[in-house]
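Hi,

Here is the model I promised to pass on. Please open it alongside this note, and my findings follow below.

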Amino acid sequence: MKASITLCALAALQHVSTTPLSKRQDFSSIQYPPGTGAKEGANLHEYPAGTGVLHEYPPGTGQNPPVCPDTGNPVFQFTSIFHVLATPDQVVNGTTNPVFTGGLPGAQATYDFGINVDLDLICYNIKLTGFRGEYQSPARTATHVHEGAKGRNGPPRMAFPNPMGNGDVRVSVGCLQGPFTTGLVVNGQDTGTGFRVQQIQDNPSGFFADVHSSLAVPGAARGQFPG
């Protein structure tokens, strides 16, 4: 799908304390400075009396403002967006005569991609559920976009950080910009060498996204880009 889309936000970062419990401050006994001498029960803070006048605001327009205003910054513009649903039944193994493997039963992934061909940029929001085993692939990660038609195999062109999370839901969100590498070398060359996101925009049905597990090395789940 071709579109001009504004990227509002990729993810909310959650900050977690990594300080060992043994080194955290003990708040079981806290010393406070002596009081000011004010009588018991008195208010510590005095505020000026109100004016009796409420603030006046101009009337609304009756229209909702845009959720994400267009800043005009090309970094946040996509020339194409794609939604890919990966399921176990789409996984194949082999190159000459590929056969459907059934993948990892119960696994499923959604891949939401935004592409900017001028910047050779791809942003991704990957959500994986029902995954079991360990991530396993000869590439740098086990989460990829491959070049290959439906029912066929092909080399990985991009490697994304593996989805992480607690429980059954794992997520990976971010952006990659070319030049791309996958960490998989074939015939002396990385399989991402020379690849540009323009190729996906020009022929989306010639690419698929997948994730690999130690329990289903050819692929746990796979999904073809919509044409």
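A disulfide here is a pair of cysteine sulfur atoms within 2.5 Å. By that rule there is one disulfide. Before the details, a word on the basis: this is a predicted model, where local features need pLDDT of at least 70 and side-chain atom pairs count only at pLDDT 80 or more, while totals for chains, interfaces and linings use all residues. Residues are numbered from 1 along each chain as its sequence is written, and side-chain values use heavy atoms, with hydrogens and water left out.

The disulfide joins Cys 123 and Cys 175, with the sulfur atoms 2.0 Å apart. The link of Cys 123 and Cys 175 is right-handed, with 95° about the S-S bond. Cys 123 belongs to strand 6 (residues 121-129) and Cys 175 to strand 9 (residues 169-177), so the bond ties together parts 52 residues apart in sequence. Strands (E, at least two residues) are DSSP runs, numbered from the N terminus. Cys 123 counts as buried at 3% relative accessibility, whereas Cys 175 is partly exposed at 32%. For these terms, buried means under 20% relative accessible area, exposed over 50%, and partly exposed in between (1.4 Å probe, protein chains only).

Now the aromatics. Rings of Phe, Tyr and Trp (its six-membered ring) pair if their centres lie within 6.5 Å; planes under 30 degrees apart count as stacked, over 60 as edge-to-face and the rest as tilted. The whole structure holds eight aromatic pairs. One of them is Phe 82 with Phe 225, edge-to-face at 5.4 Å centre to centre and 65° between the planes. Phe 82 sits in strand 2 (residues 77-86) and Phe 225 in the segment after strand 13 (216-224), 143 residues apart. Phe 113 and Phe 225 are stacked, at 5.3 Å and 10°. Phe 113 is in strand 5 (residues 108-116), 112 residues from Phe 225. Phe 82 and Phe 225 are both buried, and Phe 113 is buried as well. Ring pairs link Phe 82, Tyr 111, Phe 113, Tyr 124, Phe 160 and Phe 225 into a cluster.

Finally, the sheet. Two strands pair if DSSP finds at least two bridges between them. Four strands form an open sheet in the order 8-7-12-13, with antiparallel pairing. Strand 8 (156-160) and strand 13 stand at the edges with a single partner strand each, so one side of each has no neighbour in the sheet. Strand 7 (residues 143-147) pairs with strand 8 over four bridges, and His 144 stands opposite Ala 159 in strand 8.

Best wishes
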